[in-house]
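Subject: Structure handover

Hello,

Here is the structure we discussed. Please look it over before you read my notes.

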Amino acid sequence: MVRKEIPDGAIEQVAKHINTRSNKNYNIPVIGHEENIETPQVFEIIPFDKIDDSDRRFYAIDGSYNSTQFYNGLSIGIYAAGYICFHRGKQIRLNSLDDPIVLGQAYYPKNILITNSDHLNAIYDELLTLEPVKNLLEFWADTPDKIFSYKREQICTNLSTLLGFCQEILEISLILEIVDRPDTKAGDFILRDGTLRPLQVKQPYLIKLGKYAHDKEVNVLAITKQSTIKMELSYTFKQIDNYLQDQLKNEYPFVEKDPKRKKLCCWFEVSDVVLQAAYKGDMFIKKSTRGGRGFGLFMVARLDYVEKLQNYDWLIVDINIFDAIPKIELGDAQRNRVALELILKELTRLTQEHYILGYPYPLAEVHNFISLKKNFKEEIIARLKYSLYRDQRMDNVDIENLFLDIHDRF
């Protein structure tokens, strides 16, 4: 007899919750108002044959971590972060390697062995010495215990928490590294997966970084496909999509003449009421440079259209709050509509790849570049076994016993 581990009632309760939240009506009109960017702002996508006609550089940052533990108390953990860049539709080299395939810049630690708490501390200490992180700490001009939201003891509680922290800090440091690259210029874009609100760093330091990028006129924004905001706005997205495709598309004065290329894109700022429902009042949502998190302002956007998939290509776009509200530090909350329109339209240069419509392809490429794949454990073990045999002259039987996993015999 098959054992039911999860009661039917629990499944029904989850289904009811999902149905209720995904059918909320926030009374956002399908016809937007230009003076109110919390309503749909519609524009025609950049023509496909023009998407590479830009001198902007589009950088993309991502990170990853993975670990594996053996039955004998030996653990191996590693984190990584890196970035790539596309210019006029082609990936350009950012490193000094001779490798014809690896064009991006990546950073990895040397300390990956964990057998006791001292090794966790060693991983933490090494993070602070990595060149990008070292430069970031110098830029913030303060000590780690004041910059980071958590103390070393909390961060080094366990391997997973430590690796996640290291990945996040390294990713943030790469924003500064890219802004300061000699080949980065005003108007370039830096994209990262997720948000501009990392919990590991206190807001004043992140604000300093966001302001610095804004002053350099480099557009920093974060993009994600998954968010509780999308759950809250699921009904709204469906209504807007239906209006754009079934009605407005037939009336819109397209510049593009090819019917297959006539695509309407849409964006709007996420209102306070939606944010409060999505995050239950967390300071994560605050639209301010004080008392909140990070330096972002949440927008939602559909930057391509995929027939019959509706909600698939709506993205959450966290835009540098200084780009969106240039005078925010003076108490002026006026949005820079021109800048927002430009940023979101420029993104459509990156969202027309056939295999990932609606999502910026540099983020997909950097994920493939830096991700520590599912075969991480097998690769690490194979390389360690080879090194133990070749460099340490260990006996083959001893090596195999060292990495024996009794669970493999179940």
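Below are notes on a helix, a strand and a pocket.

This is a predicted model: local features need pLDDT of at least 70, side-chain atom pairs count only at pLDDT 80 or more, and totals for chains, interfaces and linings use all residues. Numbering starts from 1 along each chain as its sequence is written, and side-chain values use heavy atoms, without hydrogens or water.

Helix 6 covers residues 159–179. Helices (H or I, at least four residues) and strands (E, at least two) are DSSP runs, numbered from the N terminus. Its 21 residues should span 30 Å at 1.5 Å a residue, and the end C-alpha atoms are 31 Å apart, which agrees. The expected span is 1.5 Å times one less than the number of residues. 19 of the 21 residues are buried, so helix 6 is largely enclosed by the rest of the structure. Buried means under 20% relative accessible area, with a 1.4 Å probe and protein chains only.

Strand 10 (residues 296–302) has seven of seven residues buried, so strand 10 is also largely enclosed. Gly296, Phe298, Val300 and Arg302 point one way; Leu297, Met299 and Ala301 point the other. Strand 10 runs antiparallel to strand 9 (residues 264–269), with four bridges. Cys266 stands opposite Arg302. Strand 10 also pairs with strand 11 (residues 314–320), antiparallel, over seven bridges. There, Gly296 partners Asn320. Pairing requires at least two DSSP bridges.

Helix 6 also gives the most to the lining of the second largest pocket, with three residues.

Best regards

Note on methods. Buried means under 20% relative accessible area, exposed over 50%, partly exposed in between (1.4 Å probe, protein chains only).
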